[in-house]
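Morning, everyone. I'll take it piece by piece.

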Amino acid sequence: MSDRIEQVSANRSFGGWHRRYRHRSEVLGCDMVFAAYLPPAAETGRVPVLWWLSGLTCTDENFMQKAGAHRLAAELGVAIVCPDTSPRNVGLPGEDDSYDFGSGAGFYVNATRSPWNRHYRMYDYVTAELPALVAAHLPFNDRQSISGHSMGGHGALLCALGNPGRYRSVSAFAPICNPTRCPWGEKAFSGYLGDDRAKWLDWDACELIRRDGYDGRIRVDQGEEDNFLADGQLRPEALQAACNERGVELDLRMQPGYDHSYFFIASFIDEHLRYHAEALAGE
C-alpha cells in the first residue's frame with residue numbers, strides 16, 4: 001500500500017475543515033479521491049470517525065455538499081470520511097456504459113470475475129486499505145461507526161456484519177437490503193461475481209444475518225414515497241424478516257412522504273449523527 005496522500009482542496013466549515021485527498025490505491029489499481037470532515041476538536045486531539053458510504057453515481061462530494069452534516073459533526077466532535085463509490089478510469093470495456101454497473105457502482109464487493117477483479121475490490125478498499133491510510137495521516141482515535149445510503153447503505157451493512165466489533169454502530173438510509181433478490185443487485189453481482197448465485201450470498205446483508213446473526217443494533221430510515229421501494233430494489237421487509245428470525249435488533253423507521261433523495265438524508269442526518277456520537281463516546 002502506498003502511504004502517501006495529496007491534499008486536493010480544503011474548505012473551512014463550521015470551525016473545522018472539509019478536506020479532499022488523492023492517493024494511489026494498490027487494492028484498486030488506480031488513483032482515488034476521498035473526503036474527510038475534521039471537526040474543530042481534531043485540531044487539539046484525536047477524534048472518532050463516522051464512515052459514510054454513498055450510493056449509485058455518487059462520488060465523495062455528494063454527501064459532503066448536500067447532507068448538511070458538518071454543523072452537528074463539528075458540535076459533536078465526530079469526523080466523517082467519505083470514500084468514492086468505485087475505481088475510476090481504469091480502462092475496462094463498458095465501465096462507463098450504465099449508471100448501475102462499473103464507474104460509480106462498485107457495490108462494496110470484491111469482484112471475482114475477470115476483468116473486474118483486477119480493480120473492483122471496494123470491500124477491501126473501505127475496510128482495510130483506506131482505514132489504514134487515514135489512521136496514518138489523520139487525527140483519528142480507534143473508535144469508528146459506519147453509515148450509508150442506498151448502495152452505500154448496503155455497503156455499510158456488509159462492513160458491519162463482516163467485521164464484528166469494529167464499528168460501534170451502524171445505520172443506513174434506504175439501503176439495498178437484499179441485493180441477491182433485486183434487479184440492481186442481480187446485475188451487479190452477475191458482472192462482478194459471476195453466475196453462481198451461491199457465491200453471491202456472502203455479499204447480501206439478509207443472508208449474512210440469517211447465517212451469522214449480529215450482536216448489535218441496526219438503524220434504518222426508509223422513505224415511504226421512495227420510487228425504488230416500489231420497484232422492489234430496496235426490500236426493507238426482507239431485512240426485517242431476517243433480523244426477526246435471528247433476534248437482531250433492527251430499528252426500521254418508515255418515514256411518510258419522503259423519497260430517495262438527499263432531501264430525505266438531510267432531514268434525518270442529525271438523528272443519525274447523534275445516534276453514532278452516543279455509541280462513539282467514551283473509551
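Start with helix H5, residues 183-193, in this predicted model. Which of its residues are buried? They are Trp184, Gly185, Ala188, Phe189, Gly191, Tyr192 and Leu193. Those residues span an arc of only 165° around the axis, so they sit on the same side of H5. Recall the general rule. An α-helix has 3.6 residues a turn, so residues three or four places apart point the same way.

What covers that buried side? The cover includes helix H4, residues 151-162, and helix H7, residues 227-230. After H5 comes Gly194. The phi of Gly194 is positive, near 95°.

Now the cysteines. How many disulfides does the structure hold? The count is 0. A disulfide is a covalent bond between the sulfur atoms of two cysteines. Take Cys182. The closest cysteine sulfur is in Cys177, 9.3 Å away, and that is too far for a bond. Cys182 is also buried, at a relative accessible area of 1%. Next, Cys243. Cys243 is in no disulfide either, and its nearest cysteine sulfur, in Cys206, is 7.5 Å away. Cys243 is buried too, with 0% relative accessibility.

Last stop, strand S8, residues 217-223. Buried or exposed, for the most part? In S8, 6 of the 7 residues are buried, so the rest of the structure largely encloses this strand. Look at its partners. Strand S7, residues 167-173, runs parallel to S8, joined by 4 bridges. There, Val170 stands opposite Ile218 of S8. Strand S9, residues 249-255, also runs parallel to S8, with 7 bridges. Here Gly223 stands opposite Gln255 of S9.

Conventions. Residues are numbered from 1 along each chain as its sequence is written. This is a predicted model: local features need pLDDT of at least 70, side-chain atom pairs count only at pLDDT 80 or more; totals for chains, interfaces and linings use all residues. Side-chain values use heavy atoms; hydrogens and water are left out. Buried means under 20% relative accessible area, exposed over 50%, partly exposed in between (1.4 Å probe, protein chains only). Helices (H or I, at least four residues) and strands (E, at least two) are DSSP runs, numbered from the N terminus. The arc is that of the directions from the helix axis to the C-beta atoms. Contact means heavy atoms within 4.5 Å. A disulfide is a pair of cysteine sulfur atoms within 2.5 Å. Two strands pair if DSSP finds at least two bridges between them.
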